[in-house]
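This report describes a few individual residues and their surroundings. The sequence and structure come first, and the notes follow.

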Amino acid sequence: MKLVRTRHELAEIVTQWQREGETIGLVPTMGSLHEGHLTLVRALDGKATRRIVTIFVNPIQFNNPDDFQLYPRGLEADEALLAETGVVDVLYAPDETQIYPPGFCTRISVSGPDRMLCGGDRPGHFDGVATVITKLFMQTRANIAAFGEKDFQQLCIIHRVVTDLDLPITILPVPTVREADHLALSSRNKRLTPAQRDQASHLPKALIDCLAALKAGQPVAAALKHCAQTLKDAGFTVHYLDLRSEKSLGTVEKAEAGARLFVAASLGDVRLIDNMPVA
C-alpha cells in the first residue's frame with residue numbers, strides 16, 4: 001500500500017491503472033478508521049481490481065468549528081490498519097491545499113433531500129459533503145465507491161449528485177456495522193466517556209423497540225413519541241426522530257416496506273445518528 005499526499009502523484013498512479021484496464025474502487029473517509037470502514041473496503045471484493053481509501057477531514061461540511069477541531073484524527077494508526085488488510089493499493093491523505101487550492105470558490109449546492117433530518121440543524125453540511133465527494137471522485141477517477149448506510153441521508157444525497165451531474169461512477173451501499181450492543185460503529189464513538197458509552201447503547205435499543213411497536217400496529221405518532229421520551233429519559237438530547245421513505249426521505253404515515261426510522265441524538269457534545277429499516 002502506498003501513502004499518497006498530492007493529487008499530482010495520485011493522478012500519475014490512476015493514469016497508469018487506466019492504461020492497464022484496471023477498475024478503481026474508492027472508500028472515502030475522514031479517518032479515525034474502524035471495522036465499519038474496513039467492511040466498506042471488503043465490500044469492493046470482486047468489484048474493483050484496485051482500491052483507494054481517502055482520508056480527509058473536510059472543513060466545509062462542519063458548521064461548528066469546535067466539532068471540526070475535536071474530530072478524532074490518527075493517520076499513522078489508520079495507515080497501519082489499512083496496510084493490514086493487504087488489499088488497499090493507495091491511501092490518499094491530502095492536505096487542505098490539495099482539495100481546496102488558493103482561490104477555490106466553487107461549491108455544489110444540494111436542494112431537496114438536504115433540507116430535512118441532519119440538514120435541518122446542520123445548514124450547509126450536505127453542500128460541503130457533495131462538494132468534497134465530487135472532488136474525490138474526480139481526483140481518484142474511481143469506477144465504484146462504497147458508502148455505509150449508517151449515513152443514509154448522505155448516501156441518498158450522493159446518489160442524487162451522481163445522477164444529476166451524470167458522474168460516471170457506481171455507488172455501492174453497504175449495511176451498517178454494529179457493535180455487540182447494536183450501537184452503530186462511528187468515529188465519533190471515540191469521543192464518548194465510559195459512562196456515555198454505556199448510555200449510548202440505549203439508542204439502538206430504543207429504535208429496535210420502536211420498530212417492534214410499529215410492526216405490532218401502534219400508530220406512528222404514538223410510537224415515535226414513546227421512543228423519543230425513552231431516549232430523553234436515558235440522557236439524550238433528541239434532535240429528530242422520524243419515520244421516512246428510503247427513496248424520497250419524505251415522512252410516511254405507515255410502517256411498511258421501504259420505510260426507515262431515522263434518529264439524531266446527542267450525549268453531551270457528541271452527536272450520534274442511526275437508522276433502521278422497517279423491513
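## Arg141

The model is predicted. Arg141 lies in the loop that runs between helix 7 (125–140) and strand 5 (144–148). Although Arg141 is not a glycine, its phi is positive, at about 55 degrees.

The relative accessible area of Arg141 is 28%.

## Leu117

Leu117 also has a positive phi, about 50 degrees, and is not a glycine. Its place is in the loop between helix 5 (96–99) and helix 6 (118–121).

Is Leu117 buried or exposed? Its relative accessibility is 7%, which is under 20%, and therefore Leu117 counts as buried.

## Ser186

Ser186 sits in the loop between strand 6 (170–174) and helix 9 (194–200). With a relative accessible area of 14%, under the 20% cut-off, Ser186 is buried because of that definition.

Which backbone atom does the side chain of Ser186 reach? The side chain of Ser186 comes to 3.1 Å from the backbone nitrogen of Arg188. When neighbours within four places in sequence are left aside, Ser186 is in contact with His34 and Lys150.

## Summary of the loop residues

Positive phi values are found at Leu117 and at Arg141.

Methods: Residues are numbered from 1 along each chain as its sequence is written. This is a predicted model: local features need pLDDT of at least 70, side-chain atom pairs count only at pLDDT 80 or more; totals for chains, interfaces and linings use all residues. Side-chain values use heavy atoms; hydrogens and water are left out. Helices (H or I, at least four residues) and strands (E, at least two) are DSSP runs, numbered from the N terminus. Buried means under 20% relative accessible area, exposed over 50%, partly exposed in between (1.4 Å probe, protein chains only). A polar contact is a pair of N or O atoms within 3.5 Å; within protein, one must be able to donate a hydrogen and the other to accept it, and residues adjacent in sequence count only if both atoms are side-chain atoms. Contact means heavy atoms within 4.5 Å.
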